[in-house]
Amino acid sequence: MNSFIKYFLLFFTLSLNIINSQKLVLNLEECVQLAYQKNISIMQSELQLKNSDIDLSSAKANFFPNLNASVNHAWNYGLNQNITTGIFENITTQFSSLNVNFNVDIFKGFENIRRLHRANLSVIAQQYNIEKIKDDIGLLVANSYLQVMFNKEIFKVSKEQLYISQKELERAKLLLSAGLIVKGDLIDIEASVANQEQNLVQAENTLRLVKINLAQLLRLTDYENFDTADEDLDLPFTEIFNETPKSIYAKALTERNEIKLSVANLEIAETDLLLSKSRLQPSLTAFYSYSSRISYSDRLIPSGEFETVPIGKLASNSEPVISTIEKRNVVGPMSVIDQFKLNDGHNFGLQLSIPIFNRLVVTNNIKKSNIQLESFQNQHEQIKLDLENTIYQAYNDTKASYKLYKASKKTVSARKDAFQNAQKKFESGTINSFDYAQIKQRYDSSLSDQIRAKFDYIFKLKVLEFYFGLKITI
């Protein structure tokens, strides 16, 4: 229900922006939800889930009996006796037949039960696979989103630095008029302003590119009317450092979808092995069939009238031998219902099938299933090992990036004081424009380094929290 509400709100937001012909402005959660809707890999996995649902339905249907019916109608043309004249001639006769077959598995070496179990596992595995892809997409979107926010701050700082440089240029012109600086100092400041303008253009282009990258990730085509929400991104407070890498890994083993998917695939491989072994056992099937037929040919029936006809002569005196026979009349065929009742037949029983030798097919399939199971066991251990390495690396990287961020803050503070002191000295003519430009450049670089360290720490922190099972938010 919560997922439905999220999708509804996202749809409402998109519709409102379109109606008002405004820019499409999305926050991180909205970007992630939109990526979930439009990502092709997720769509493909959802189709695979539908296939697994169909396989599950088929596995359940294996417990049902088979019921089939067939109806045949045939024409027979050839030499047959004409029942009216008694003469053999080429005539055409017609026949119809009906067959109904019913059979049900009584015992099949537990194969149907194991197929049902495997189909259930396949559905679960596909669901875990979809969630794993969503996790990967969520991290990718979060990284791209933070790249946009990072470049927005870089652009903002570049704009502010250009503004400061322009004000310094105006002040330098006044100082030159007052004779406090020389012409060369003014030229150096003009060069610094030009460099700041270049940095601003570059920052703007980079910001445009990362926005396009995010829009492409969300499969949006109107790049010009897409933007991310302006959010105040303070350094997030986290208690994740109260945990150890070992405890994070222990929780990840129960929370991470790649582990759940690996376990499901391992159980599927175990079930496949049992399925292969099921074919070594005998199977017992119950069957029943019903059949009947009808003919469309004329027939002879007794008339109730008798006549005497000679059938021979006595050898002694040649006296004729007389026999009384009943006359027959030619009539049409019996009714369909009567013929079905008269010609019907029933066949029922049990069939026991015992596998003895099948050209090593079953034995080799069991060997292949064993190999596949060992392969999935190795993959499972490798996934656990990779996850452990990733978490320990992410933990160390996050702590290191946090220390780097704190150091960058100290550097900014120190270089800001140095820059403000240099401003006063430059205005008083104590230092030249070259030394002043060098100090200002170091201060500008420290600001960029601080922003970079800040966002690097935030992303690595979000990755670490993600492995601990926390939702990615800003």
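I will call a residue buried when its relative accessible area is under 20%, exposed when over 50%, and partly exposed in between, with a 1.4 Å probe and protein chains only. This is a predicted model, so local features need pLDDT of at least 70 and side-chain atom pairs count only at pLDDT 80 or more, while totals for chains, interfaces and linings use all residues. Residues are numbered from 1 along each chain as its sequence is written, and side-chain values use heavy atoms, with hydrogens and water left out.

Salt bridges to begin with. By that I mean a side-chain nitrogen of Lys or Arg within 4 Å of a carboxyl oxygen of Asp or Glu. The structure holds 17 of them.

Take aspartate 135, which is buried at 13% relative accessibility. Its side chain meets that of arginine 256 in a salt bridge, 3.4 Å from N to O. Aspartate 135 is in helix H4 and arginine 256 in the loop between helix H6 (245-255) and helix H7 (257-278), so the pair ties together parts that are 121 residues apart in sequence. Arginine 256 is also buried, with a relative accessible area of 6%. Helices here are DSSP runs of H or I, at least four residues, and strands are runs of E, at least two, numbered from the N terminus.

Also in helix H4, arginine 115 and glutamate 111 are four residues apart, which means about one helical turn between them. Their closest N and O atoms are 3.2 Å apart in a salt bridge. Which of these two is buried? Glutamate 111 is, at 10%; arginine 115 is partly exposed at 31%.

Now the helix pair. H4 packs with helix H10 (residues 433-467) at an angle of about 165°, their axes 10 Å apart. Axes are lines fitted to C-alpha atoms, for helices over the stretch in contact, and angles run from 0 to 180 degrees between N-to-C directions. The two helices are therefore roughly antiparallel, a label for angles over 145; under 35 is roughly parallel, 65 to 115 roughly perpendicular and the rest oblique.

Last, the serine. Serine 144 sits in helix H4, residues 111-178, and is buried at 11% relative accessibility. What does serine 144 contact, leaving aside neighbours within four places in sequence? With contact meaning heavy atoms within 4.5 Å, the partners are Val210, Asn213, Leu214 and Leu217.
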